[in-house]
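Visitor: I have a structure open beside its sequence, and I would like to learn how to read it feature by feature. Could you take me through it slowly, giving the general idea before each case?

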Amino acid sequence: MELHVIQRMPPSKRKKVHRYLRMALQLLFFLLYPSAFTAAFGGVKYIFIQLGISEEIALTPFVAILLGLCIYTMLFGRFFCGFACAFGSLGDALHGIYRGIGKKWKRKIPRSAERIPERISWIKYLVLAAIVLMCFAGVYDRVRGTSPWDVFSMVRAGNLKLTGFLPGVTALLLLMAGMCVWERFFCRVFCPMGAVFSLLPVLPIFSLHRDRDNCVGRCAACTGRCPSSLELPEEASLETPGDCFQCQKCIDICPRGNIHCGLKRLNGNELWFTLLRALLLAAMMWRLGV
Amino acid sequence: MKNFVIRTINLLLILTILLGYNTVIHARAQQNDIARLQAELEESQDTVTDVKTEIKMLADSYASSSRPTEKEKAEDDGWDADESGLADGVYEGEAQGFGGMIAVNVSVKDGMVERVEIASAEGEDPAYLEMAKSVAGEIVEAQSADVDTVSGATFSSTGIRDAAAKALEKAVR
């Protein structure tokens, strides 16, 4: 398909193209680089273990991957979370299937329940703090069997020897159930790597802003579609919301085209821009040995 | 605005602290190494002195009798490199890693474990395999497969270690 043909398509069709592109990229990263998030977080754990035993922090492959992803995130925001994280993609797939089934059976989660993840999104900082403290104290080995990530990685690699991992399996199943019901449930509420990313300063050039002056009354379509229910910052702001995964749903749905990057000429959902960011990320991961 | 500035300052602070920490630890490790090497040097010098004394004793005993006694022959064997009980050669071993079997080749020379090479590890993620490889060096240093695994790359390093252990079993005389 020619690019200019796509740009002139009606918004509804363009939305679909964007959606399918994102799904395709998520699938690609899932197949090619599925262990990126565990490797990067392995770097976090390693740093605190070394601090705890007063040893040097060497530039291990895990630390290199962590640095790479953090630098990338400081430039492009949490694009990694939205497009390349295998666990996030799993969540999106589950949620998509659940909604698809829900549509057929005409069921939806009640409105009040929808706000729950928002209110408890601070838990991921707690998870991060608990894990790094245990690493620092040198006792993280004792809770090895509780990580749903480890279980997910093992199952994905075809390793089904899960004895001793019962807590992890239980946690994984519960999280998967949560991800069905609420979009990006794990990412918003429990992900310690996501907690690290949301603590980083993000350059405003590529992060999304909203021109509120031009909004239609009490529209809030963007916030409604947003997996994290964000209210994007104003145009001139330096801020970036910690939970924006750059999924582009807000840009696609705004009836006035009010949403764009800090760099005004970029909307943030241009096909070439998405592909460029995905390519850069993939190249970096390949180079770092993910 | 405020948030962004705070985060940037925090990040710079954390990076500075970590770099400073690393420098201090590195300097301390170097000092420890220097102290340890000095101690080893002193020990070696003591050994040299002991050896010289023994040689003189042996030379004296040869001068006074034409053949070495049984006792002195037994002392001689203390220098034999065959003591470790490993036969020279290259041995293969296989064990389960994270996503599949890991095959290693262990080279034994002069009765000592010379090298542990990874022949194949197709089921492992590159970053994890890279981390796990350090266990190969540990096995050579310890001259045995009874070493700790690498935390963070537990499955991969366990696979390498167990494969090396199986290979070494074949090398025992």
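Guide: Let us start with the word contact, which here means that heavy atoms lie within 4.5 Å. Please keep in mind throughout that this is a predicted model.

Visitor: With that cut-off in hand, which residues is T60(A) in contact with, once its neighbours within four places in sequence are left aside?

Guide: With those neighbours set aside, T60(A) is in contact with Y46(A) and with M131(B). As for its setting, T60(A) sits in the loop between α3 (36–52) and α4 of chain A.

Visitor: Does T60(A) count as buried or exposed?

Guide: The general idea is that a residue is called buried when its relative accessible area is under 20%, and exposed when that figure is over 50%. T60(A) has 12% relative accessibility and therefore counts as buried. For a contrast in class, take A283(A), a residue of helix α16 of chain A, which counts as partly exposed because its relative accessibility is 43%.

Visitor: How far apart are A283(A) and K104(A), in sequence and in space?

Guide: They are 179 residues apart in sequence, and from C-alpha to C-alpha they are 40 Å apart in space.

Visitor: At what angle do the axes of α4(A) and α16(A) cross?

Guide: An angle over 145 degrees counts as roughly antiparallel, and one under 35 degrees as roughly parallel. The axes of helix α4 (residues 61–76) and helix α16 (residues 271–288) of chain A come within 10 Å and cross at roughly 165°, and the two helices are therefore roughly antiparallel to each other. The crossing of α4(A) past α16(A) is right-handed. By class, this contact has eleven nonpolar, one polar and one charged residues.

Visitor: How does helix α2 of chain A pack against α16(A)?

Guide: Helix α2 (residues 11–32) packs with α16(A) at an angle of about 5°, the axes being 11 Å apart, which means that α2(A) is roughly parallel to α16(A). The class count here is ten nonpolar, two polar and no charged residues. From α2(A), V17(A), H18(A), L21(A), L25(A) and F29(A) meet residues of α16(A), among them L271(A), T274(A) and A282(A).

Visitor: What should I look for in the backbone of the loops?

Guide: R184(A) has a positive phi of about 55° although it is not a glycine, and it lies in the loop between α11 (166–181) and α12 (185–189) of chain A. R184(A) also counts as buried, because its relative accessibility is 1%. In chain B, D110(B) is likewise a residue other than glycine with a positive phi, near 55°, and it lies in the loop between β2 (101–109) and β3 (112–120).

Visitor: How many helices and strands does chain B have?

Guide: Chain B has five helices and three strands, which follow the pattern α-α-β-β-β-α-α-α along the sequence. Buried residues make up 28% of its 173 residues. Its helix α1 (residues 2–64) has 63 residues that should span 93 Å at 1.5 Å a residue, and because its end C-alpha atoms are 92 Å apart, the span agrees with that expectation. Within α1(B), the buried residues include F4(B), Y21(B) and I25(B).

Visitor: And which residues does V106(B) touch, not counting those up to four places away in sequence?

Guide: V106(B), found in strand β2 of chain B, counts as buried because its relative accessibility is 1%. It touches G89(B), V90(B), Y91(B), V113(B), R115(B), V116(B), A164(B), A167(B) and L168(B).

Definitions and conventions:
Residues numbered from 1 in each chain as written. Chains lettered and ligands numbered in written order. Predicted model: local features only at pLDDT ≥ 70, side-chain atom pairs only at ≥ 80, totals over all residues. Heavy atoms only, no water. Helix = DSSP H or I, 4+ residues; strand = E, 2+ residues; numbered from the N terminus. Expected span 1.5 Å × (residues − 1). Buried < 20%, exposed > 50% of the residue type's maximum accessible area, 1.4 Å probe, protein only. Axes fitted to C-alpha atoms, helices over the stretch in contact; angles between N-to-C directions. Parallel < 35°, antiparallel > 145°, perpendicular 65-115°, else oblique. Left-handed = near helix turned anticlockwise from the far one by under 90°. Nonpolar A, V, L, I, M, F, W, Y, C, P; charged D, E, K, R; others polar.
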